[in-house]
Protein chains: 2
Amino acid sequence: MSVDRDRLRADIEANAEFGTVESDAGRGRTVLTGSEADGQARERLVDRLEAAGLEVRVDPVGNVAGRWVPDGVSPDVAPIALGSHLDSVPRGGIFDGPLGVYAALEAVRAIQESATTPERPLEVVSFTEEEGAQFGVGTLGSSVAADRLSVEEAHALTNDAGETLEERLEGIGFVGSDEVDPSTWNAWLEVHVEQDTKLESAGIPIGVVNSISGITNCTATVSGEANHAGATSMADRRDALTAASEFVVDVERIAKGVTDDHPTAVATVGRQDVEPNVRNIVPGRVRMEMDVRSVEADAIDAIVERSAERLERLESERPVETSFDRHRDSPPVHLSDRCVDAIGRATDRLDVEATTMHSAAIHDTGNVAAMTDAAMLFAPSRDGVSHSPLEWTDWDDCATSAAVLGAAALELA
Amino acid sequence: MSVDRDRLRADIEANAEFGTVESDAGRGRTVLTGSEADGQARERLVDRLEAAGLEVRVDPVGNVAGRWVPDGVSPDVAPIALGSHLDSVPRGGIFDGPLGVYAALEAVRAIQESATTPERPLEVVSFTEEEGAQFGVGTLGSSVAADRLSVEEAHALTNDAGETLEERLEGIGFVGSDEVDPSTWNAWLEVHVEQDTKLESAGIPIGVVNSISGITNCTATVSGEANHAGATSMADRRDALTAASEFVVDVERIAKGVTDDHPTAVATVGRQDVEPNVRNIVPGRVRMEMDVRSVEADAIDAIVERSAERLERLESERPVETSFDRHRDSPPVHLSDRCVDAIGRATDRLDVEATTMHSAAIHDTGNVAAMTDAAMLFAPSRDGVSHSPLEWTDWDDCATSAAVLGAAALELA
């Protein structure tokens, strides 16, 4: 089988016309779920799937699937599903999502044109609202498909304009009545851009993703008393920022301690809001948002628990009050050895260099992996940039990812 | 001599009608330099000065002075000057500034009505733009009067609307051609609200201010690299916030060390801005604003120098770059023993309890003290609140401050 680099490129570039944005450098797009641009991108995908002989289904939250049943294969045999998403963040790039969808379609077309006939149907899938940029819930479509979120809950989500997901999807004609159910798939593979520099730095075109980091988010607050920066002696202060700063330094120390045993573990205080945040007033309150990740749940728990203990200890060391809230847990996902091995055999067969890695970002595959065997392939991201018009993956690397995807699908089928 | 509490109260309450603001509690006003409210407040002051027989002058930056030359006193004798300011911060209180101006007028009226004739002229002064709330430079009028800022520089300052001070003052008819020159005064006294709780806590009605803290402002920045909170390992990070947090903790430690020898020394990191300040991005840059105060310049220098050294050392300890800018120095001011002693004799004579203290906030007196003998009197602030409609000083305390001011002026005259 042989993928057509230019056909794949033409698909990605045509898709990039929808929601295209002005940019001094690079090429960007804004494709928010339920927008006109999203409708156009979906319509074109449906056309392209049908042009390749795939039978298209749309489920109630707008997940799109196109199935090809090869001659001689029973339509009841569980398919190999391949795909990703078409939505973007505001002013996002043209590869994050669409590469995975159109690499899947290109892989199917290449297999159709090859001498090899797979023993299972092949399915190309595009999930709704992966970015969560419009309705606030990331990997929304795959969460519904994986029974982690009900259709009713999803439909009732609102955007900033107060419109529901259901209204917006109806507006673009993408509330379907078909099923897109990962539990009926034999296996799932997703191509995605790496969004980091490991592949680029190593000069390797394919990352074989065998795990997805869990993500836990916490909010920590420190309350003291806002006061005059001149009149309040050092001894009389209840400075929330000096206390919070001790916490920030110690979160880093705690996380570094955990990395000895768990090298993928990371903890970040990415946001810190000081009140009143005026030069000549002793800070009265600091609110911090923490992001903790690891492919091992134990490492996340260790960092979170030690950080919470450290924060609470501030109350006995300084005249402050604290609160700690662990409010989001997305557990680590260990992907299927069967799928990872299939990708390995595919890269061997195609003589493509590959390296095994984890994904530090969440993807739809995290949901699908709860229902069937799943793995991911990463393509290199120039300078590691994503969610930006500067996001870029070379067309040769795009084609390589589609080729490996197709070969791996054949290994699995 | 006997001050009239109700006459003083009527003056302050009438002045509070200009720029009055809605407030659920307390009584507030917004009197920005050059505004209609400022014009009204000034016009009323001029009327009240003239009603008391004072001859009014207005200088090019709108400083207002009214002089009373007692019978038998040569107009060439250097006067005793008393006063403060009429402008306010947005939604400020009714005492901060006006108490000092109208206590001065009430003191002069009480002396005029008394059996005692001073041997020097008495002058009541209101300085322009003490708060710096409209044109960005605090103690503006007294800075010009003390030759620390030229009339031309002051006139060219602009407000947020792009209007110059000169335009605004012309708009309300307060660009004068007279001189208001502290170097021609024999002495200066300013009554002001304490803006802290020391007097209230001690139950003492008069603070005798013998020094004004110097204030030094610095900006410190830490630059690392913004990066993905999941994909960037702990070892690869250039986290600006963890580095900045070490600095914040150490500034506190440095200041506490200095207070052993210099108890008035304080250092505050009151403002900290994190970029991009997003939960799942490693902070790339942190900008901090520091406020350092002490009545001793050595203590300020020690804190600033040790803080700057600590910041710079971060560059060898962490993969960050730093910058430190000491951009404003208002040196400590030691007020005149002669004036402080005169206030002491006045409180003894009136049998009013008083305590000696320093001012942690800047006042016009800091400028005047460079030109002539000067001191301040503080009146109690309820709960230490100022710059708020909740600012409050009991009318009895207002009257006591005017009585002590008048008695001290007689001691000096």
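How many salt bridges are there between chain B and chain A? The count is 4, where a salt bridge is a side-chain nitrogen of Lys or Arg within 4 Å of a carboxyl oxygen of Asp or Glu.

## About the model

This is a predicted model, in which local features need pLDDT of at least 70 and side-chain atom pairs count only at pLDDT 80 or more, while totals for chains, interfaces and linings use all residues. Residues are numbered from 1 along each chain as its sequence is written, chains are lettered from A and ligands numbered from 1 in the order in which they are written, and side-chain values use heavy atoms, with hydrogens and water left out.

## Where the two chains meet

Let's start with the interface. Chain B brings 47 residues to the contact and chain A brings 47 residues; contact here means heavy atoms within 4.5 Å. About 3800 Å² is buried between the two chains, and carbon and sulfur atoms give 55% of that. Buried area is the accessible area (1.4 Å probe) that two parts lose on being put together, summed over both. On the chain B side, B:Met234, B:Asn277 and B:Arg279 supply 20% of the area that chain B buries against chain A, more than any other three residues.

There are also 16 residue pairs in polar contact across this interface, both residues being at pLDDT 80 or more. A polar contact is a pair of N or O atoms within 3.5 Å; within protein, one must be able to donate a hydrogen and the other to accept it, and residues adjacent in sequence count only if both atoms are side-chain atoms. Among the elements giving two or more residues to the chain B side are helix H8 (240-259) and strand S11 (266-275) of chain B. H8(B) has the largest share, 10 residues. Helices (H or I, at least four residues) and strands (E, at least two) are DSSP runs, numbered from the N terminus.

## Salt bridges between and within chains

B:Glu252 pairs with A:Arg318 in a salt bridge, with the closest N and O atoms 2.6 Å apart. A:Glu252 and B:Arg318 also meet in a salt bridge, at 2.6 Å from N to O. A:Glu252 lies in helix H8 (residues 240-259) of chain A and B:Arg318 in the loop between helix H9 (297-317) and S14 of chain B, so this pair joins two chains. Both A:Glu252 and B:Arg318 are buried; buried means under 20% relative accessible area, exposed over 50%, and partly exposed in between (1.4 Å probe, protein chains only).

Within chain A, the side chains of A:Arg44 and A:Asp11 form a salt bridge at 3.0 Å, N to O. A:Arg44 is in helix H2 (residues 36-51) and A:Asp11 in helix H1 (residues 5-16) of chain A, 33 residues apart. A:Arg44 and A:Asp11 are both buried.

## Inside chain B

The largest nonpolar core has 79 residues, and B:Ile12 and B:Leu405 are among those with the most contacts inside it. Helix H12 (residues 395-412) of chain B gives the most to this core, with 11 residues. A nonpolar core is a set of buried Ala, Val, Leu, Ile, Met, Phe, Trp, Tyr and Cys residues joined through side-chain atoms within 4.5 Å. Beyond its neighbours within four places in sequence, B:Ile12 touches residues including B:Phe95, B:Leu99 and B:Trp395.

One more residue to look at is B:Asp38, in helix H2 (residues 36-51) of chain B. B:Asp38 counts as buried because its relative accessibility is 2%. Its side chain reaches the backbone nitrogen of B:Gly34 at 2.8 Å.
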